[in-house]
Amino acid sequence: MSISTASAPALRIGSLELDVPVVLAPMAGITNTAFRRLCQEYGAGLYVSEMITSRALVERTPESMRLISHHESETTRSIQLYGVDPKTVREAVTMLVAEDRADHIDLNFGCPVPKVTRRGGGAALPWKLDLFRSIVENAVDAAGDIPLTIKMRKGIDADHLTYIEAAKAAQGAGVASIALHARTAAEFYSGTADWSAIARLKETITDTPVLGNGDIWSAADAIRMVEETGCDGVVVGRGCLGRPWLFGDLAAAFSGAPTTFEPGLGFVATAFKRHAELLTEFFGGDEDRACRDIRKHVAWYFKGYAVGGDLRASLASVRSLVELDDLLALLDHDQPYPGVGAEGQRGRAGSPKSPTLPQGWLDSRELQETHRAELSDAELHHSGG
């Protein structure tokens with residue numbers, strides 16, 4: 001595969017200057033310090049933390065405090081927050097700034113998980129435009145000189161789109177960039193992302209960088225998205241699962257390099273082991289916990305490669321780094337890149353479904369008193385966007 005493109009300019013997000021206009025999308029249980037460091041070893045870009053609820057951060061729960069930690073090699077500390085209450089979000093941002101814990105803060109308005117949307121959170125929240133505006137304005141004000149960005153979806157469903165109005169409100173509030181996952185909450189991760197919505201947003205929002213997200217499975221996809229939509233940069237999520245070296249491809253593509261990295265199985269095995277080692281460090285030396293975490297990555301790393309079912313099953317139940325070494329030694333390290341079998345969609349797509357919302361949520365764009373209690377329960381730790 002070859003990629004042909006003119007060299008792209010660096011992306012500026014507030015005071016941050018990115019050599020490559022690429023952002024790692026926050027993914028719960030994935031984009032912890034270990035995975036961010038691994039991606040950074042292969043390429044360049046902005047690597048965002050897992051989503052952290054603002055309420056948990058204000059309460060300083062042990063898990064939230066662990067998730068906002070960064071390794072010293074992470075020179076740009078990027079944290080994504082999720083919240084439904086302007087006051088709590090403001091307190092969380094104020095804490096991050098006052099304690100010098102972040103160089104970039106992103107707000108998540110894209111979660112499609114039913115447990116969140118049924119309470120009015122995630123991708124359902126921008127429907128209440130005044131609430132959305134208040135959250136963003138409070139966050140931007142509290143962030144001060146720290147770049148504050150947002151990530152959102154097109155809307156709740158095809159009949160209840162929110163992204164244009166929300167983007168205008170966010171631009172007015174002074175956000176440093178706006179990222180759009182070009183699907184609705186109803187679509188979850190199914191079907192094909194509507195890149196035309198990204199183009200429409202870029203045509204509407206001219207003074208703030210617009211980033212596109214959805215169906216970037218390769219560097220060629222990223223270049224095509226920029227060319228087709230005019231967006232200022234891309235946000236990569238599921239496409240890098242089991243392929244942290246994709247960020248190297250992206251850096252090469254945006255510099256005009258015509259090649260894409262095609263790793264043999266030996267290289268993949270080494271990357272997989274490195275990921276497990278970084279997870280062990282992240283979990284304070286707890287190999288058991290690290291191995292339990294790396295198991296979910298097996299299918300993604302070895303997608304398309306000739307690895308027997310029994311060996312895959314053993315890797316997916318590995319209990320120690322020593323056992324992992326023994327299992328990886330059984331692989332054919334000379335096996336070449338399998339081509340199309342290792343490419344394309346990764347991760348669960350789900351299926352289209354009618355979003356679960358609070359009763360009467362769609363009756364008005366204004367927040368009703370009956371919904372305030374439901375919103376207070378919406379800050380559950382779920383990924384999304």
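R60 is found in the loop between helix 2 (54-58) and helix 3 (62-67), where helices (H or I, at least four residues) and strands (E, at least two) are DSSP runs numbered from the N terminus. The model is a predicted one, in which local features need pLDDT of at least 70 and side-chain atom pairs count only at pLDDT 80 or more, while totals for chains, interfaces and linings use all residues. Residues are numbered from 1 along each chain as its sequence is written, and side-chain values use heavy atoms, with hydrogens and water left out.

The backbone of R60 has a phi near 55°, a positive value in a residue other than glycine. Most residues other than glycine have a negative phi. R60 is partly exposed, with a relative accessible area of 39%; buried means under 20% relative accessible area, exposed over 50%, and partly exposed in between, computed with a 1.4 Å probe on protein chains only. F188, in the loop between strand 10 and helix 8, also is not a glycine and has a positive phi of about 55°, but F188 is buried, with a relative accessible area of 17%.

From these loops we turn to the sheet. Eight strands close into a barrel in the order 3-4-5-6-7-10-11-12, with parallel pairing, and two strands count as paired if DSSP finds at least two bridges between them. Neighbouring strands of this sheet are turned by 25° against each other on average, direction ignored; the axes are lines fitted to C-alpha atoms, for helices over the stretch in contact, and angles run from 0 to 180 degrees between N-to-C directions.

G212 in turn has V234 of strand 12 as a bridge partner, and the chain crosses from strand 11 to strand 12 through helix 9 (residues 219-229) in a right-handed β-α-β crossover, meaning that, with the strands pointing away from the viewer, the path from the first strand over the helix to the second runs clockwise. Strand 12 (residues 233-236) is covered on both faces, with G233 and V235 buried on one side and V234 and V236 buried on the other. Three parallel bridges also join strand 3 (residues 22-24) to strand 12, V23 being partnered with V235.

M225 lies in helix 9 and is buried, with a relative accessible area of 0%. Apart from its neighbours within four places in sequence, M225 is in contact (heavy atoms within 4.5 Å) with residues including W195, I198, G212 and V234.

Strand 5 (residues 78-82) holds Q80, which is buried at a relative accessible area of 1%. The side chain of Q80 makes a polar contact with the side chain of D106 at 2.7 Å; such a contact is a pair of N or O atoms within 3.5 Å, where within protein one must be able to donate a hydrogen and the other to accept it, and residues adjacent in sequence count only if both atoms are side-chain atoms.

On helix 7 (residues 163-173), Y163, A166, A167, A169, A170 and A173 are buried. They cover an arc of only 165° around the axis, so they lie on the same side of helix 7, the arc being that of the directions from the helix axis to the C-beta atoms. Among the elements covering these residues are helix 6, strand 7 and strand 10.
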